[in-house]
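Subject: Structure for you to look at

Hello,

Here is the structure I said I would pass on. Please keep it open while you read the notes below it.

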Amino acid sequence: MAILEIAQIGDPILRQRAVEVSPEDISSAATQSFIDDLIDTMRSANGAGLAAIQVSRAIRICVVEVRAPNPRYPYKPSIPLTIMINPEIMPVSTETFSNYEGCLSVPDMRGLVERYAEVRLRYLDRDGQRQDAIIRGVCAGTFQHECDHLDGKLFVDLVEDFGSLTTWSNFERYHQAKFFEDAEKIVSRFGS
Ligand code: ZN
């Protein structure tokens, strides 16, 4: 078990396209232990998710977990630990919602990003088993954010209204109350 260093915006690794992991590599002791380190690093930083590329390994693995209440994201519903290898994500409807996002690789910054409200997610789990799930609501935003990392994208690339950019303390001071209200509407509609 190890806590890995998280790359920060401006580090070119965050802009790379991560490469697929082969089925043989998934079962290797090195990959399995790396996945454990990725989970420990996410939990230690109170992240809702973490992609391998954020700890400077340009491979298509990311993890998501929210154990509510998460101090960084108190409005987020719980998401069980999900380990995704070579994930593919696609919208299943055109509906979107505005998500106030932050990122462990973008220190002290949050901004509004439009995310699909319902997505289909296909991936291999850590046992190499195919998984296929529909994710709805605020949780769908978390999965889209992590999958974007694997293609070298950061949430700041998707912010349309730069006026929404805010530090975390100013988020709490000026934007949180309204955003929590909006997020609760999405959560109550989709149940997640
Ligand atoms: Zn991120």
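Grid points are joined across faces, edges and corners, and a volume is the space filled by probe spheres set on the points.

This is a predicted model, in which local features need pLDDT of at least 70 and side-chain atom pairs count only at pLDDT 80 or more, whereas totals for chains, interfaces and linings use all residues. Residues are numbered from 1 along each chain as its sequence is written, and side-chain values use heavy atoms, with hydrogens and water left out.

The cavity

The count comes to one cavity of 30 Å³ or more. The largest cavity holds about 160 Å³ of space. Among the 19 residues that line the largest cavity, Y73, K76, G102, H145 and E146 are the closest to its centre. Strand β4 and helix α3 each supply at least two residues of this lining; helices (H or I, at least four residues) and strands (E, at least two) are DSSP runs, numbered from the N terminus. By class, the lining of the largest cavity divides into six nonpolar, nine polar and four charged residues. Here Ala, Val, Leu, Ile, Met, Phe, Trp, Tyr, Cys and Pro count as nonpolar, Asp, Glu, Lys and Arg as charged, and the others, Gly among them, as polar.

The largest pocket has a volume of about 580 Å³. It is lined by 31 residues, and those closest to its centre are P87, E88, I89, M90 and C147. Two or more lining residues come from each of β3 (79–91), β5 (106–116), β6 (118–124), β7 (130–136) and α3. Strand β3 gives the largest share, six residues. The lining of the largest pocket has 14 nonpolar, four polar and 13 charged residues.

The second largest pocket has about 160 Å³ of space. Its lining includes F97, Y100, L112, V138 and Y174. The elements that give two or more residues to this lining are β4 (96–103) and α4 (168–190), and α4 provides the largest share, seven residues.

Which residues are the protein donors of the zinc ion? They are C103 (SG), H145 (NE2) and H149 (NE2), lying 2.1 to 2.3 Å from the ion. Donors are N, O and S atoms within 2.8 Å of the metal (3.2 Å for Na, K and Ca); water is not among the atoms, so sites may look incomplete. Along the chain the donors follow the spacing C-x41-H-x3-H. C103 in strand β4 and H149 in helix α3 are 46 residues apart, so this pair links distant parts of the chain. C103 counts as buried at 4% relative accessibility, and H149 is buried with a relative accessible area of 1%. Buried means under 20% relative accessible area, exposed over 50%, and partly exposed in between (1.4 Å probe, protein chains only).

Helix α3 (residues 138–149) has 12 of its 12 residues buried, so it is largely enclosed by the rest of the structure. One of them is Q144, at 7% relative accessibility. Leaving aside neighbours within four places in sequence, Q144 is in contact (heavy atoms within 4.5 Å) with I89, R115, Y116 and V119.

Regards

Note on methods: On a 1 Å grid over the protein atoms alone, a cavity is a set of points where a 1.4 Å probe fits but cannot get out, and a pocket is an open set with protein on both sides within 12 Å along at least five of seven lines; lining residues have an atom within 4 Å of a point.
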